[in-house]
Amino acid sequence: MDLERHDFELAELVDRIKENDTRLIALQVPEGLKMQALEMMDSIETETSAKVVLAADPCYGACDLVHDKMQRMGVELVAHMGHSQMNIDSGMPTQFIPVIYDGDPELKAVIPFLEAHRTIARNRLENPVETSTDQDGREKFEDMVGRVAPLTDSKLGLVGSIQHLHLLPDFKKRLEDAGYDVTIPVGGARLTFPGQVLGCNYSGDDPTVGHYLFLGSGDFHPIGLVLHTGKPLAMLDPYSGEATEMGRERIERILRQRSGLIMSCMDKQRFAILIGEKPGQMRRTLALRMKRLLEKHGKKGYLLALEHIGPDLIDFYPVDAYVNTACPRIAIDDAVRYGKPLITPYELEVALGEKKWENGYQFDEIP
Ligand code: SF4
């Protein structure tokens with residue numbers, strides 16, 4: 001990672017520490033930045049009289065606030081890097097620092113993908129299905145996750161991860177100049193900025209968006225966005241300038257895996273229902289609903305509350321499968337690491353016959 005080109009906003013943080021005469025601050029940084037944390041701590045301690053504690057547990061999102069623990073330690077300010085504030089109360093002074101990257105990739109590499117995806121979106125728009133049960137219609141118009149949801153337009157939805165959101169207004173203009181009808185989707189309360197996506201929330205999607213362009217690196221967000229929307233998605237990486245797409249084969253492979261896990265859970269009797277203890281992951285009501293649902297079908301559901309979820313912490317329990325209500329991506333991205341099937345609440349409902357897979361895959365979103 002090219003750190004020189006990221007803005008850690010340390011000058012603003014130092015000003016805030018000096019203004020408030022803060023004595024003890026905590027840094028909470030995502031895994032990719034941990035190597036640089038000691039350097040940042042040195043710099044803050046050199047420029048202020050504050051002492052700095054690194055909250056060194058794994059951190060993958062703003063869902064994971066360590067504030068109660070830091071407050072008990074006497075910390076007066078938390079600097080949370082790489083994420084933006086969610087709709088959860090941190091309970092103490094917090095500086096969210098997005099860590100903006102200054103890379104500005106060229107558009108031309110991604111245009112061939114956008115052209116192809118716009119054609120797919122226009123075909124879906126111009127050839128509406130008469131009934132959602134018509135098999136021909138399904139084959140022709142269904143999206144990547146098997147729905148026949150109608151589009152009302154074929155706009156290009158422009159989204160990105162937090163480090164690159166500052167590029168969106170300029171990219172919108174460039175794309176419009178290239179002939180695209182562009183929208184920057186505005187999501188719900190869990191998202192702070194227009195065009196922002198999280199691994200667990202794509203609430204800005206609407207029927208006017210026919211296809212997507214994601215500015216960011218890696219396939220974590222693209223996989224979630226396509227599983228949630230079923231729409232074609234192109235990716236442009238501001239770090240490398242390279243463009244690609246989230247291919248249908250990749251999504252189909254994930255769906256086949258999910259389908260296999262659901263089928264393997266159909267005859268299971270004893271389930272552990274995982275509840276995430278992190279403030280932005282805790283879905284107690286959903287977990288209790290899953291327990292009642294299992295009981296309705298004559299099965300057992302044991303509620304397990306954990307801060308961090310991993311195979312070492314749960315694989316030894318005498319249960320047949322897991323239902324995960326914590327971070328939705330644990331089930332989607334990490335299922336192979338576990339010794340027993342790990343499924344989402346929606347997938348449990350399908351396994352129990354309460355919902356139908358045929359109506360299209362339903363991504364587990366935290367609103
Ligand atoms: S719940 Fe998971 S996907 Fe959502 S912000 Fe937290 S770590 Fe990311």
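Visitor: In which loop does Val-99 lie?

Guide: Val-99 lies in the loop between strand E5 (94–97) and strand E6 (100–101). Strands and helices here are DSSP runs, at least two residues of E for a strand and at least four of H or I for a helix, numbered from the N terminus. This is a predicted model, in which local features need pLDDT of at least 70 and side-chain atom pairs pLDDT 80 or more, while totals for chains, interfaces and linings use all residues. Residues are numbered from 1 along each chain as its sequence is written, and side-chain values use heavy atoms, without hydrogens and water.

Visitor: Why is Val-99 called buried?

Guide: Buried means under 20% relative accessible area, exposed means over 50%, and partly exposed is in between (1.4 Å probe, protein chains only). Val-99 has 1% relative accessibility, so it counts as buried. Its backbone has a further feature: phi is near 60°, a positive value in a residue other than glycine.

Visitor: Which other residue has a positive phi although it is not a glycine?

Guide: Asp-21 has one, with phi of about 50°. Asp-21 lies in the loop between H1 and E2.

Visitor: What makes Asp-21 count as buried or exposed?

Guide: Its relative accessible area is 53%, and the limit for exposed is over 50%, so Asp-21 is exposed.

Visitor: What about Ile-17: where is its place, and is it buried or exposed?

Guide: Ile-17 is in helix H1 (residues 10–20). With 2% relative accessibility, Ile-17 is under the 20% limit and therefore buried.

Visitor: How do you know that strand E2 is mostly covered?

Guide: Strand E2 spans residues 24–28, and four of its five residues are buried.

Visitor: What is the strand order in the open sheet of four strands?

Guide: The order is E13-E12-E14-E15, with parallel pairing.

Visitor: Why is one side of E13 and of E15 left without a neighbour in the sheet?

Guide: Strand E13 (300–306) and strand E15 (342–343) stand at the edges, and each has a single partner strand, so one side of each has no neighbour in the sheet.

Visitor: How many aromatic pairs does the structure hold?

Guide: The structure holds six. One of them is formed by Phe-316 and Tyr-317, with 4.4 Å centre to centre and 35° between the planes.

Visitor: Why is a pair with these values called tilted?

Guide: Rings of Phe, Tyr and Trp (its six-membered ring) pair if their centres lie within 6.5 Å; planes under 30 degrees apart count as stacked, over 60 as edge-to-face and the rest as tilted. The 4.4 Å is within the limit and 35° falls between the two angle limits, so the pair is tilted. Phe-316 is exposed, with a relative accessible area of 56%. Tyr-317, with 32%, is partly exposed.

Visitor: What makes the pair of Tyr-322 and Tyr-338 edge-to-face?

Guide: The centres are 6.1 Å apart and the planes stand at 70°, which is over 60, so the pair is edge-to-face. The pair links distant parts of the chain, 16 residues apart: Tyr-322 is in strand E14, and Tyr-338 is in the loop between helix H11 (328–334) and E15. Both Tyr-322 and Tyr-338 are buried.

Visitor: Which residues form one aromatic cluster?

Guide: Tyr-346, Trp-357 and Tyr-361 form one.

Terms used
Pairing = 2+ DSSP bridges.
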